[in-house]
Amino acid sequence: MRVTPPITINDTMLTASSVVETPPAAYAGGTTYAAGSTASTGIVGGVITVWKSLAAGNLGHTPASSPSWWLNIGATYMVYDPAHTYALNDTVIDAVNHLVYESQLASNTGQPLATGTAWRKVGTTNKYAAFDQLRNTQVVAPVDIVQSITLVGRASTIAVIGIDARTITITQTVGGVQKYSVTVNLSKRKSFSWSQYYLAPFTSRTSVQFFDLPPYRNSTITVTASKPTGQRGVGGIIIGNAIYIGEAQVDANDDHLNFSTIDRDTFGNLELSPKRSVPKVDLQIWFDKKYTAQIRAVRELLNGRPAVWSGLDDFTLDYFDAVFVYGPHKEFSLNLRDFSYGVITLQVEEM
């Protein structure tokens with residue numbers, strides 16, 4: 001069993017990203033765009049689509065109707081302008097704090113975003129959604145997602161969770177020299193009959209973790225989520241230093257907190273209201289007594305804080321996802337059962 005307290009990733013550490021946060025200037029039909037130039041389409045207060053020019057000499061080709069000239073690289077919202085008058089439910093971004101807000105008023109002018117009742121905080125901007133500590137809020141894009149994080153200290157492990165992609169590639173460079181690279185095909189389709197082999201839908205892994213990052217200082221780690229077509233998504237990128245706390249024992253319990261409601265009226269009619277469920281896991285972990293001080297220090301460090309809890313090191317194993325969770329612990333008790341070893345009772349709930 002390994003636990004990984006995450007390194008907090010801020011805007012100075014996210015040194016490169018293919019995901020757009022601040023939209024470029026609006027598309028202008030009279031402008032000639034070079035290859036790689038960007039432009040946006042949309043209305044203030046609504047979704048803004050960002051396009052990249054595919055060729056030089058791009059003049060007079062409307063992005064939405066010219067797929068040979070323009071590539072849709074994602075969507076965002078306009079940056080908040082206190083001089084603009086916003087309508088009810090208009091959406092803007094705070095590009096400094098990387099947050100999205102929705103207007104709660106009609107004729108909303110000059111009202112501060114973070115205080116008062118004029119604006120409701122929706123969440124993190126799309127570009128930073130992989131660093132908000134929530135698996136179910138993804139960074140999404142219609143093209144491959146590439147995000148580079150430059151560390152100050154050292155890290156030994158990286159977990160990528162909430163993945164919607166065909167492959168994940170992780171590279172590490174130091175001073176421009178590549179020190180580490182791994183690419184994983186996320187397909188995990190298994191067939192138990194001929195009909196399943198030919199007709200069953202394809203499934204993919206949604207979580208991976210690697211424990212073999214070279215512990216260089218000042219390295220840059222790049223995560224690329226790729227898929228031939230369709231929307232790509234990454235729920236979380238968690239980097240840190242894994243701490244061994246013992247061996248997970250058989251008889252683990254994989255469960256979830258179900259927030260759906262099931263009600264019946266006086267006639268017995270059923271009303272279902274499906275909502276999100278939150279994974280949780282219960283584990284017994286054997287540990288050598290020499291790790292007691294380290295384990296107690298980890299417990300104190302993670303008091304009220306999330307971490308990656310990995311019951312298995314190999315993400316290709318069938319039980320990996322069942323004993324892999326990112327969240328705070330609800331129980332972390334040590335039974336000093338024997339003169340030479342003890343047993344941890346661990347319960348963790350997903351963020």
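Two strands count as paired if DSSP finds at least two bridges between them. Keep that rule in hand for strand β14 (residues 167–174) and β17, which pair in the antiparallel sense over seven bridges. The model on screen is predicted.

**Whole chain**

Start with everything shown. The protein chain has two helices and 29 strands. Its C-alpha atoms fill a box of roughly 80 × 65 × 55 Å, taken along the principal axes. Of the 351 residues, 40% are buried. Take the contacts between residues at least 6 apart in sequence: 62% of them join residues at least 24 apart.

**Strand β17**

Select residues 220–226. This is strand β17, and seven of its seven residues are buried. In a regular strand, side chains alternate between the two faces of the sheet. Which residues of β17 sit on each side? Thr 220, Thr 222, Thr 224 and Ser 226 lie on one side, with Ile 221, Val 223 and Ala 225 on the other. Both faces are covered.

Strand β14 runs antiparallel to β17, with seven bridges. Next show strand β12 (residues 145–150), which pairs with β17 in the antiparallel sense over six bridges. Here Ile 149 stands opposite Ile 221.

**Ile 149 and the cores**

Stay on Ile 149 and show its surroundings. Leaving out residues up to four places away in sequence, Ile 149 touches Ile 9, Met 13, Leu 14, Thr 15, Phe 131, Ser 219, Thr 220, Ile 221, Ile 237 and Ile 239. Widen the view to the largest nonpolar core, which has 45 residues. Ile 149, Ile 158, Val 160, Ile 170, Phe 210, Ile 237 and Ile 239 touch the most other members. Strand β13 (residues 157–161) gives the most to this core, with four residues. A second, separate core has 18 residues, including Ile 245, Phe 287, Ile 295 and Phe 332. In soluble globular proteins, nonpolar side chains tend to be buried together.

**Pockets**

Turn on a surface. Which residues lie nearest the centre of the largest pocket? Select Gln 249, Val 250, Ala 252, Tyr 319 and Val 323, from a lining of 13 residues. The space in this pocket is about 240 Å³. Its lining divides into eight nonpolar, three polar and two charged residues.

Move to the second largest pocket, with a volume of about 190 Å³. It is lined by 16 residues; Ile 7, Phe 131, Asp 132, Gln 133 and Tyr 326 lie nearest its centre. By class, the lining has eleven nonpolar, four polar and one charged residues. Strand β19 (residues 236–240) supplies the largest share, three residues.

**His 98**

Select His 98, in the loop between β7 (91–94) and β8 (99–103). Is His 98 buried or exposed? The cut-off for buried is under 20% relative accessible area. His 98 has 12%, so it is buried. Show its contacts beyond four places in sequence: Asp 11, Glu 21, Gly 123, Thr 124, Thr 125 and Tyr 128.

**A hairpin to finish**

Strand β3 (residues 38–42) and strand β4 (residues 48–53) pair in the antiparallel sense over five bridges. Gly 42 stands opposite Ile 48 in β4. Five residues lie between the strands of this hairpin. Check Gly 45 there: it takes a positive phi near 95°.

Definitions and conventions: Residues numbered from 1 in each chain as written. Predicted model: local features only at pLDDT ≥ 70, side-chain atom pairs only at ≥ 80, totals over all residues. Heavy atoms only, no water. 1 Å grid on protein atoms, 1.4 Å probe; cavity = no way out; pocket = protein on both sides within 12 Å on 5 of 7 lines; lining within 4 Å. Points joined across faces, edges and corners; volume = space filled by probe spheres on them. Nonpolar A, V, L, I, M, F, W, Y, C, P; charged D, E, K, R; others polar. Core = buried A, V, L, I, M, F, W, Y, C linked by side-chain atoms within 4.5 Å. Buried < 20%, exposed > 50% of the residue type's maximum accessible area, 1.4 Å probe, protein only. Contact = heavy atoms within 4.5 Å.
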